[in-house]
Amino acid sequence: MTRYPLSEARMYELKTALLFLLICALLPQVPAEAADKKSPPPAKSAVKSAPAASANPMLEANKAYTGKDYGKARGVLIPLADQGNRDALFAMGLMAVRGDGLPKPDFQSAESFWQKAGQAGHPEAQFQLGLLYHRGSLGKPDQKSAYAWWLKAAVQGQGDAMYGLGRMLRAGDGVPKDEAAAAAWFEKAAGLGHPDAQMQLAGMYLNGAGVPKDLEKSRYWMNKAAAQGHPQAQRSLKLLGTVK
């Protein structure tokens, strides 16, 4: 089967900031009006003596994670995940697949967390789960499952999933080859600013693969990708300048 890279920024090497910007948003904030109705304002002495982290456990989790106290971070996430909080499930999956605080990455646990989050409609979990299956991280690659999860994510607007579907359809990787359908997914992802999808779509317009041949549209999408620093697009634009 054809193997192909997706955007490396999406391949598990997710930055700490990304993970905990997510985590800090997990718990809903109580509106000020509701808080006022439920209880009287605390005494000034209580405000001064209360630990700052107690106001938002996610901030405590953030501090623990950035301090590499992964056990403490999990202590905040696990109760939420047990309650079915899909963001907590997604974050736990990320920590498992990164191997944070573990002897090695735990792909089986990541699969379990992401399946639950994905079934609850979390598009990032759906994409990452599809990636586990596509790459064969759990053993043998499972392109049928990868396609199914990426489709769920793509219909929710997840651009990397759209790109992945396009690549699978164009190559006939685990699914019947369909260049017209591939171009349609690339165009959706390209419209979201996905540079690899923009370059794929440019190539299809250049060669008339799945879409009518159109050099102007090819240049348009190459320019879009090149403007984002896509090296192949930048090289191709120079060559395309000689095409009449």
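**Legends to close-up views of an all-helix model**

**View 1. Aromatic pairs in the predicted model.** The structure holds 4 aromatic pairs. Rings of Phe, Tyr and Trp (its six-membered ring) pair if their centres lie within 6.5 Å; planes under 30 degrees apart count as stacked, over 60 as edge-to-face and the rest as tilted. Phenylalanine 127 and tryptophan 150 form a stacked pair, because their ring centres are 6.0 Å apart and their planes meet at 20°. Since phenylalanine 127 belongs to helix 8 and tryptophan 150 to helix 9, the pair ties together parts that are 23 residues apart in sequence. Both phenylalanine 127 and tryptophan 150 are buried, where buried means under 20% relative accessible area, exposed over 50% and partly exposed in between (1.4 Å probe, protein chains only). This is a predicted model, in which local features need pLDDT of at least 70 and side-chain atom pairs count only at pLDDT 80 or more, whereas totals for chains, interfaces and linings use all residues. Residues are numbered from 1 along each chain as its sequence is written, and side-chain values use heavy atoms, with hydrogens and water left out.

View 2. The rings of tyrosine 220 and tryptophan 221 are edge-to-face, at 4.9 Å centre to centre with 80° between the planes. Tyrosine 220 is partly exposed, at 44% relative accessibility, whereas tryptophan 221 is buried, at 11%. Elsewhere, lysine 152 lies over the face of tryptophan 149, 5.7 Å from the ring centre; a charge sits over a ring if NZ of Lys or CZ of Arg is within 6 Å of the ring centre and within 35 degrees of the ring normal.

**View 3. The largest nonpolar core.** This core has 33 residues, of which Trp150, Phe186, Leu201 and Met204 touch the most other members. At least two residues of this core come from each of helix 8 (123-135), helix 9 (143-154), helix 10 (159-171), helix 11 (179-191), helix 12 (195-207), helix 13 (215-227) and helix 14 (231-240). A nonpolar core is a set of buried Ala, Val, Leu, Ile, Met, Phe, Trp, Tyr and Cys residues joined through side-chain atoms within 4.5 Å. Residues up to four places away in sequence aside, phenylalanine 186 touches Tyr163, Gly166, Arg167, Arg170, Ala197, Gln200, Leu201 and Met204; contact means heavy atoms within 4.5 Å. A second, separate core of 26 residues includes Ala91, Ala96, Ala117 and Ala146.

**View 4. Helix 6 and alanine 91.** The protein has 14 helices and 0 strands; helices (H or I, at least four residues) and strands (E, at least two) are DSSP runs, numbered from the N terminus. Helix 6 spans residues 86-98 and contains alanine 91, which is buried at 0% relative accessibility. The C-alpha atoms of alanine 91 and alanine 81 are separated by 9.0 Å, with the two residues 10 apart along the chain. Helix 6 is mostly covered, with 10 of its 13 residues buried, among them Leu89, Phe90, Met92 and Val97.

View 5. Leaving out residues up to four places away in sequence, histidine 230 touches Pro195, Asp196, Met199 and Ala225.
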